[in-house]
Amino acid sequence: MTQHIRTATVDGVATIEIARPEKKNALTVAMYQAMADALRAAQDDAAVRAVMITGQPGIFTSGNDIEDFMARPPGAGGSDPAQSPVFQFMHALLECDKPVVAAVTGAAIGIGTTMLLHCDFVYVSDEARLAMPFVALALVPEYASSLLVPQLMGQRRAAEKLLLGDPFTPEQAVECGIANAVLPTAEVAKHARRVAERFNALPPSAVREAKRLMRAPQREQVLRVIAEEGALFSARLRSPEAMEAFQAFFQKRAPDYAKFS
Ligand code: COA
């Protein structure tokens, strides 16, 4: 249980709200677990016709909590990394056969952007910035982003986003197909909810079958890439380069990679 993930089901829409604004909605192990549980509960609840994931005004999520990266990486204490809450969240979102609508209320960093690749509808605040700075943190892309981002925007632009970690605008997210539309911050969640509520008037099993068909051709490949990325990512979390990156973040300085080969 964590108070940083709020859930509610109203009028057929299960809402998962990330609510840790004092830490820019950084996602802890407990928050991933709560989101995984909420997605599975929505999946099992016949009254739920769609799921909405949202954040706080000005921040969707700053990605994985960097303190957790250091203290509680997947596989900590000899546990199976694939069973860790972050992977449970990833798989619960992948397996959710009900439509998932993301209301990107502000900055979306790291998994804040990569989770959007697995949502069905994405609406982004006009003030948001998106970024996948995995390499800058001495990590590697995750959540099948190394497969899906080049597919969406081509290798050249994917290299800017995934190798250099360049942030990009909501308009660019729409242009490359990560998002559906850009809206004023105050409108994003309302619009996302309206889209989610449209599924109350649609036949639920036809929606589920259609979503499954849309995802099926790439499903095995996505799962394989997530596992491959995940193993590397988990190993790199313990690397000296990553320790330098995490310490630099908390010391509010630029990391120094000059001593690494
Ligand atoms: N993990 C842990 N703590 C985080 C965090 C994260 N991902 N993102 C922000 N925080 C914390 C900061 O340490 C700070 O804590 P403090 O008040 O105790 O010092 C607080 O949240 C506010 O963050 P701050 O950086 O001061 O806010 P900002 O408005 O200047 O910048 C961001 C916002 C999101 C651009 C910036 O916080 C950021 O770049 N975060 C890290 C993003 C990241 O690299 N995520 C991992 C991706 S794999």
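The views below show a predicted model.

**View 1. Lys252 in the segment after helix 9.** Lys252 is found in the segment after helix 9, and its phi is near 50°, a positive value in a residue other than glycine. With a relative accessible area of 79%, Lys252 counts as exposed, because the cut-off for that class is over 50%.

**View 2. Ala144 in the loop between strand 8 and helix 5.** A positive phi is also seen at Ala144, where the value is about 65° although the residue is not a glycine. Ala144 is found in the loop that runs between strand 8 (130-131) and helix 5 (145-162). Its relative accessible area is 0%, and Ala144 is therefore buried, the limit for that class being under 20%.

**View 3. Thr114 and its contacts.** Thr114 is found in helix 4, and with a relative accessible area of 0% this residue is buried. When its neighbours within four places in sequence are left aside, Thr114 is in contact with Met132, Phe134, Glu142, Tyr143 and Ser145.

**View 4. Helix 3 and the elements that cover it.** Helix 3 spans residues 85-95 and is mostly covered, in that eight of its 11 residues are buried. The buried residues of helix 3 are Pro85, Val86, Phe87, Gln88, Phe89, Met90, Ala92 and Leu93. Their cover includes helix 1 (29-44) and helix 8 (204-236), together with strand 3 (50-54), strand 5 (100-104) and helix 4 (111-114).

**View 5. The aromatic pair of Phe69 and Phe233.** A search of the whole structure finds eight aromatic pairs. One of these is formed by Phe69 and Phe233, whose rings are tilted, with 5.7 Å centre to centre and 55° between the planes. The pair links distant parts of the chain, since Phe69 lies in helix 2 (residues 66-71) and Phe233 in helix 8, 164 residues apart.

**View 6. The buried residues of helix 9.** In helix 9 (residues 240-250), the buried residues are Ala242, Glu244, Ala245, Phe246 and Ala248. These buried residues pack against helix 2 and helix 8.

**View 7. Lys161 over the ring of Phe168.** The charged end of Lys161 sits over the ring of Phe168, at 5.5 Å from the centre of that ring.

**View 8. The surroundings of the ligand.** The ligand is surrounded by 14 residues, of which the closest are Lys23, Lys24, Ser62, Asn64 and Ile66. A polar side-chain atom of Lys23 lies 2.7 Å from an oxygen atom of the ligand, and a polar side-chain atom of Lys24 lies 3.4 Å from an oxygen atom of the ligand. Ser62 contributes a backbone N or O atom, which lies 2.8 Å from a nitrogen atom of the ligand. On its own the ligand has 870 Å² of accessible area, and the protein covers 65% of this area.

Definitions and conventions. Residues are numbered from 1 along each chain as its sequence is written. This is a predicted model: local features need pLDDT of at least 70, side-chain atom pairs count only at pLDDT 80 or more; totals for chains, interfaces and linings use all residues. Side-chain values use heavy atoms; hydrogens and water are left out. Buried means under 20% relative accessible area, exposed over 50%, partly exposed in between (1.4 Å probe, protein chains only). Helices (H or I, at least four residues) and strands (E, at least two) are DSSP runs, numbered from the N terminus. Contact means heavy atoms within 4.5 Å. Rings of Phe, Tyr and Trp (its six-membered ring) pair if their centres lie within 6.5 Å; planes under 30 degrees apart count as stacked, over 60 as edge-to-face and the rest as tilted. A charge sits over a ring if NZ of Lys or CZ of Arg is within 6 Å of the ring centre and within 35 degrees of the ring normal. A residue is near a molecule or strand if one of its heavy atoms lies within 4 Å of it. A polar contact is a pair of N or O atoms within 3.5 Å; within protein, one must be able to donate a hydrogen and the other to accept it, and residues adjacent in sequence count only if both atoms are side-chain atoms. Accessible areas come from the Shrake-Rupley method with a 1.4 Å probe; for residues, only the protein chains shown count as cover.
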